[in-house]
Amino acid sequence: MNPLISRRMFLKSGIAAAAGAAATAVPGTQALAANDDRGYLATLIDIRKCIGCEACVEACREANAPKFPAPVKPFPKMYPSRVKVSDWSEKRDVSNRLTPYNWLFIQHATVKVNGEDTEITLPRRCMHCVNPPCVKLCPWGSAMQMENGLSRIDPDICLGGSKCKNVCPWDIPQRQTGVGLYLKLLPALAGNGVMYKCDRCYDRIARGERPACIDACPEDVQTIGPRQDIIARAHAVAKEIGGYVYGEIENGGTNTIYVSPVPFEDLNRAIAKGDGFPHLNPVQDAMADANNFAAAMVMAPVAGIAAAAVRFLKTRSKAEPPGSRREG
Amino acid sequence: MSGEKTSAAVRWRSVKVLYLLTLFFMALTGFGQMPIYNRYYMSDIPGLGWLADFYITRNIHYIGAVILLGLVFYVAFDFILSKRRQAQLSASGWVRAALLTAVIFSGALIVVKNLPYVHFSDGFVIALDLFHLAGVMAFLAANCVCLIAQKKWTAAA
């Protein structure tokens, strides 16, 4: 056997085997769903109770008004021409979809319940994923996840590149041009404002208060608590009503758990979808591949060292004259 | 004897080609973690549409990291075990090795940060991202200088 081919094959197959073994070692979605007792806060949204009064929407807008963008106009000219201005500052009153000035809205769906057309309403906002792609893949660290599992975007650091929206399975973050750090860097060539989304009223939670939308709801649609408790409660409600759960395993698990009396496929078919109108589709864990490749990275140095050691031993055994080795 | 030399040369050429290809794709996909390829039409070039898909570029970057780690450890241990008596790292080799180590180390921390339930402080994450980017740019610049000045990684011991 040609020793060159043998060693190369060893190196190649070692790395491939390490990658392959690691790729099957950590099942992303299941692993996350099984390990949820890490002190993360989650919200249960019991859709049955929502009457669509929008008290939560108003409370959200009021509580977070100081965080809303105050863009500088005229906007700097941006290049190339495909970079479009995203300006919601003249449409601040829009409350029927997600915008930089509206982080929570009520979604409407008309579905059949017991054979009758029934209108169902549900509050929609950021799902606050357990392993949020918007946070993990932000190239500048401007999106962050807090110790309690809630994610938010720092408006002082965000450049508005919209990658967070691009990688979000629900396209949640919304951009406002003419505000933020990019104005002080190269506004013509890089960045385009700041991305905005629900931050779960992190400042209120830090003060020991509940998020504004939860406090304002007259029907107690939302409940906040430790994720394990919330999931247990969601399943208890679902069992009681013969209902359905959404958000527990979506994208590897989120901190927003919906319970519905009708299947989410039916709701998803009935709601408006598109930019600013998040869907209710099943969602695979967007970070699962990264977790699996990370395991392969642990194996790769072992494979490299093993290949070098094999080569060294083979070279040495060749260098030793025949019969020089002591026979046992 | 000459057959052994030839096979060693072929082996090292293979390692070098794999290393350069890995570096190329890691740099390409690494810069692609910033939203620039779509903005600046590069992903409009036929065959390069995947550059605008952050999940594809992330996966290629991660696969590149697996290959690079295997290669770096293979070459480093091969050097330590077999070649340290015949050659030693040159000054430019030390600079490049230090920069590559910094890039790998910061990249490894970013991979750890991306795992579920891992929290680094906000300031540390920002510093890490900038350090990784600056380290890569310095490493690429050092390699360009060495290529132009024909500096090698090793010198005779």
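Two residues are in contact when heavy atoms lie within 4.5 Å of each other. By that rule, residues 24 or more positions apart account for 66% of the contacts in chain A that have a separation of 6 or more. This is a predicted model, in which local features need pLDDT of at least 70 and side-chain atom pairs count only at pLDDT 80 or more, while totals for chains, interfaces and linings use all residues. Residues are numbered from 1 along each chain as its sequence is written, chains are lettered from A and ligands numbered from 1 in the order in which they are written, and side-chain values use heavy atoms, with hydrogens and water left out.

Of the 328 residues in chain A, 53% are buried. Buried means under 20% relative accessible area, exposed means over 50%, and partly exposed is in between, with a 1.4 Å probe and protein chains only.

Consider the nonpolar cores next. A nonpolar core is a set of buried Ala, Val, Leu, Ile, Met, Phe, Trp, Tyr and Cys residues joined through side-chain atoms within 4.5 Å. The largest one has 48 residues, and the members touching the most others are I47(A), W170(A), Y246(A), Y258(A), F264(A), L267(A) and L280(A). Several elements of chain A supply at least two residues each, among them α3 (55-64), β2 (105-113), β3 (116-124) and α9 (264-270). The largest share, four residues, comes from β2(A). Leaving aside residues up to four places away in sequence, Y246(A) touches W170(A), Y258(A), F264(A) and L280(A), and its other contacts include M127(A), H279(A) and P282(A). A second, separate core has 28 residues, including V66(B), Y74(B), V103(B) and F139(B).

Strand β5 of chain A (residues 151-153) holds S151(A). S151(A) counts as buried because its relative accessibility is 1%. Not counting residues up to four places away in sequence, the contacts of S151(A) include C126(A), H128(A), K197(A), C198(A) and D199(A).

Side chains of opposite charge can pair when their charged atoms come close. A salt bridge here is a side-chain nitrogen of Lys or Arg within 4 Å of a carboxyl oxygen of Asp or Glu, and the count over all chains is 15. One of them joins D199(A) and K67(A), at 2.8 Å from N to O. This pair links distant parts of the chain, 132 residues apart: D199(A) is in the loop between β7 and α6 (202-206), and K67(A) is in the loop between α3 and β2. D199(A) has a relative accessible area of 6% and is therefore buried.

R97(A) forms a salt bridge with D275(A), with 3.8 Å between the closest N and O atoms. R97(A) lies in the loop between α3 and β2 and D275(A) in the loop between α9 and α10, so the pair ties together parts of chain A that are 178 residues apart in sequence. R97(A) is buried at 12% relative accessible area, whereas D275(A) is partly exposed at 42%.

In the salt bridge between R204(A) and D215(A), the closest N and O atoms are 3.1 Å apart. The two residues lie in helices α6 and α7 of chain A, so this pair connects parts that are 11 residues apart in sequence. Salt bridges with shared partners join R204(A), R207(A), E209(A), R210(A) and D215(A) into one network.

The last topic is the interface between the chains. Here 59 residues of chain A are in contact with 46 residues of chain B. The buried area, meaning the accessible area (1.4 Å probe) that two parts lose on being put together, summed over both, is about 4700 Å², and carbon and sulfur atoms give 64% of that. In chain A, R82(A), M297(A) and R311(A) lose the most area to chain B, together 15% of what that side buries.

Two salt bridges are counted between the chains, and R82(A) with D44(B) forms a salt bridge at 2.4 Å from N to O. On the side of chain A that touches chain B, α10(A) gives the most, with 17 residues.
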